Amino acid sequence: MKLPVKMTINGQQYSHEVEPRLLLVHYIRESVGLTGTHVGCDTSQCGACTILMNGQAVKSCTLFAVQADGASMTTIEGLAKNGDLHPIQQGFWEKHGLQCGFCTPGMIMQAHQLLERYPKPTEEIIRHQLEGNLCRCTGYHNIVKAIQWAADHMATK
Amino acid sequence: MATVSQERLFGKSIKRREDPRFITGRGQYVDDVKLPGTTYAAFVRSPHAHAKLKAVNTTKAKGVPGVVAVYTGQDVKVGALPCGWMLPDIKVPPRPVLAQGKVRYVGEPVAIVIADSAYTAKDGAEAVQVEYEPLRGVANPQKAYDKGAPQLFDDIPQNRSFYWTIGDKAAVETAFRSAAKVVSLSFVNQRLIPNAIEPRACLASVSPATGDLTLWVTSQNPHVHRLLMAAFVLGIPETKMRVIAPDVGGGFGSKIFVYNEEVAVSWAAKALGRPVKWTAERRESFLNDAHGRDHVTEAEMAFDRDGKILGLRVRTHANLGAYLSTFAPLIPSYLYGPLLSGTYKIPAIFCEVWGMLTNTAPVDAYRGAGRPEATYLLERLVDRSAHELRVDPAELRRKNLIPAFTGGQVYQTPVAFAYDSGNYEPTLTRGLELARYTEVRKEQEQARQQGRYIGVGVSTYIEACGPAPSAVAGSLGAGAGLWESGQVRVHPTGAVTVFTGSHSHGQGHETTFAQLVADDLGIPMEHVEIVHGDTALIPFGMGTYGSRSACVGGSAIVKCLEKIKDKGRKIAAHLLEAGEQDLLFEAGKWSVKGSPDKVKDWGEVALMAYLAHNIPQGMEPGLEATSFFDPPNFTFPFGTHVAVVEVDPESGQVKLLRYVAVDDVGRVINPMIVDGMVHGGIAQGVGQALWEHGVYSDDGQLLSATMMDYALPKADQLPSYQTERTVTPSPVNPLGVKGAGETGTIAATPTVANAVIDALAPFGVTHIDLPLTAEAIWKAVKAAKK
């Protein structure tokens, strides 16, 4: 049995017929074909699947595609505008906030939410807000620096 | 065309070239690769730790709409998964791709279901009916040796795969007999589960035209995967298989090995004539990725009256799991025993290791691989000894450090390894200075008066990396050489492509190797391209693990550059009508000494190599070189780490207040990248110290099989780290580099463990086994108070 879903992702409309059990992350990766959002676990711990749904950071592995019907989503692919990197993306590059890159899209999307809520976050706030995003490569040290860089550069805009 | 680059790139923190694709979601990991007509695989896995496999009924599964095929051990007739390291008298159990006759660990693959979608494949897997006759299982490596313990294999009595020793037993007995003090410690180095954030995955596709197999796989060493799979398992010519390891999301050792899944998937792709894809769910990663560590050890250290170490005696039961993974025997033997001198002068060492098979997932290299086990042993024992001898732990270390040796001298340990270069004391002094050791001790005293418990932990370390001299490796049991390949191809326009046998799964080789080449040739970095991860493009390479890429892979590239510059010089001399010996090469230009206006630049020489209109008589056109670098020795990075913690004895909670690392990794190509390696390593080491534990029940059920149960370090549990370096170049490779990737993991575990136990000293706590969880700490305090 399949159900119709319609949603906007990075400003573009998509509509498909999907199984009710299809996870949103698999819808994005397979049906829509945007593979920047990653699957890293099966218990909602790792955050590699983090996207923005109706402006809120959500773990797309913990939603069904049908639950996102009618929603407006931003994935990592939608962050850069006209080829210009978002300051958060730039910050990760400047401060070596990634090594293997697999957790990075989720980290960046979560950082987006974090900086909306806390435009001038302390290190403690950043670390607490990243509690739902796991990285096995960086030890988090440079991820914190990347987000601080982004905060500084977004504040001056 | 090529403009000159005056600025030195070697040693600069250049932003990574890899990053643009990763920060915009355009990386291409195996699961991102899409081929038309792909089918999807799911595995049926044993829920039992030990059982007879009576029957596998696939009828119902085959009837599930969308299921294309179901195969079992009866169908997939291929060679056993090989073990690539043989120790003397080792017993190697046959390791089937899909279980046959018996299952020996929870998660062992029993059947593969192929369907037109991943979800349907799982439906199919649930419909496979397997009949098991459960048997008793054993998970502990010491208990597996007991008479009466369950036997995994009929022809491997007492489950002992090998017994291995190193050192001088008689010398150790003498040392202990003359000792003024002997300190003993029994302890565990707990099982860890690597958990790279990208789960393992593979996609196999057979060309209908040629029958050639292309396998995309999350591998740290694509050529090794190809050789082992083609020659030893699938039985196809190496020339008819291509392995591509594209972007890989972390490895830490777990993606070195040849696993059941990629073999089954490749076999199925050939059988079906359609591409087959498999991506692990995280629970499968827990069950079937190679695990790390898992030693049970008794160790004793003998001291003379002045606190100098006289000898070290070690007995270790090493858990290998139910089968021998690809490099399993190496980890608790040659990557462990030979490191037992550490940074200390220890005249006599004897180490015995029992390599034990149990009903648990196979164990193999995990970041550090044997060296964390050796370092933890030494550093806990030294700390214990400091406590019993009533001396300051930092001073006991200082007293026993090997004095500096550099400039080509080696230090021969009593356990086979000869260290390449070392100057340990400055890292200890600087580490203590950065950590403000004396002040922290005062703070500790004051805090105790207030009922607060601060602890400071110190750990020196040394490790062997950049494996390895091939002849030595071969004599010790390696089934392969451990050199590395490099190929540098200069194009007619002067642009350069470098093919490396190393593989980056986070290490940043696309940046550091380009820096290296651009710096050496004096050409812009933008004109240098690094290619890795594809067996069709790159000469045979051994891959990336053991912190070997700069030392061994980088050195192979340097050898190529020497050959290319040599040929370039000959062409330039010919064009300038000068003698080769009269030319200078600098910043991408050859010029005649004394006549700086007589110049040929890189672009002109490269183009002429390919035009061949005017090159020396008898010289072949073209400008490229291939080299294979076989290191004459391991490299031995070293250092001192210091941690300051606060422990709440009521709740057992540990707060990591500060972490200082002073490391010596020889010369450094890109400091930012090396710092990143140290940060990541520290986090994994702290994880082992405080939180992580792959827990099996006594009879072999994996209890920590999800990220809810296995506590990976999170951002809010770790501080920022303070890192510094000393530089003692390595004499064993042209770059002077030592490895850096594993140092943090090796040092951090004992550093933090020592800090926590130091904090609890007022309670009479003298040791707590890893991991030092809140529960473990609370229990230890309660027990000590009694």
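Q: Two strands pair if DSSP finds at least two bridges between them; in what order do the three strands of the open antiparallel sheet in chain B sit?
A: The order is β4-β2-β6 of chain B, and the pairing is antiparallel. "Strand" here is a DSSP run of E with at least two residues, while a helix is a run of H or I with at least four, and elements are numbered from the N terminus. One caveat before going on: this is a predicted model, where local features need pLDDT of at least 70 and side-chain atom pairs count only at pLDDT 80 or more, though totals for chains, interfaces and linings use all residues. As for labels, residues are numbered from 1 along each chain as its sequence is written, with chains lettered from A and ligands numbered from 1 in the order in which they are written.

Q: How do you know that β2 of chain B pairs with β4(B)?
A: Two bridges link β2 (residues 51-57) to β4(B), with the strands running antiparallel. The requirement is at least two bridges, so the pair qualifies. In general, sheet strands pair through backbone hydrogen bonds, either parallel or antiparallel.

Q: Why is chain B called as compact as a globular protein of its length?
A: Chain B has 18 helices and 28 strands. Its radius of gyration is 28 Å, close to the 28 Å that the globule rule gives for 786 residues, so it is as compact as a globular protein of that length. The radius is taken over C-alpha atoms, and the rule is 2.2 Å times the number of residues to the power 0.38. The C-alpha atoms fill a box of roughly 90 × 70 × 50 Å along the principal axes, and 60% of the 786 residues in chain B are buried.

Q: What makes a residue of chain A count as in contact with chain B, and how many residues of chain A are?
A: Contact means that the C-beta atoms of two residues, placed from the backbone, lie within 7 Å. On that basis, 44 residues of chain A touch 42 residues of chain B. The elements of chain A giving two or more residues to its side are α2 (87-94), α3 (104-117), α4 (123-129) and α5 (141-155). The most come from α2(A), with four residues.

Q: How do the residues on the side of chain A that touches chain B divide by class?
A: They come to 20 nonpolar, 16 polar and eight charged. Nonpolar means Ala, Val, Leu, Ile, Met, Phe, Trp, Tyr, Cys or Pro; charged means Asp, Glu, Lys or Arg; the others, Gly among them, are polar.

Q: Which domains does the assignment give for chain A?
A: Chain A has domain 1 (3-78) and domain 2 (87-155), with bounds from an automatic or database domain assignment. Their C-alpha centres lie 21 Å apart. The contact takes 15 residues from domain 1 of chain A and 12 residues from domain 2 of chain A.

Definitions and conventions
Buried ≥ 20, exposed ≤ 12 C-beta atoms within 10 Å, placed from the backbone.
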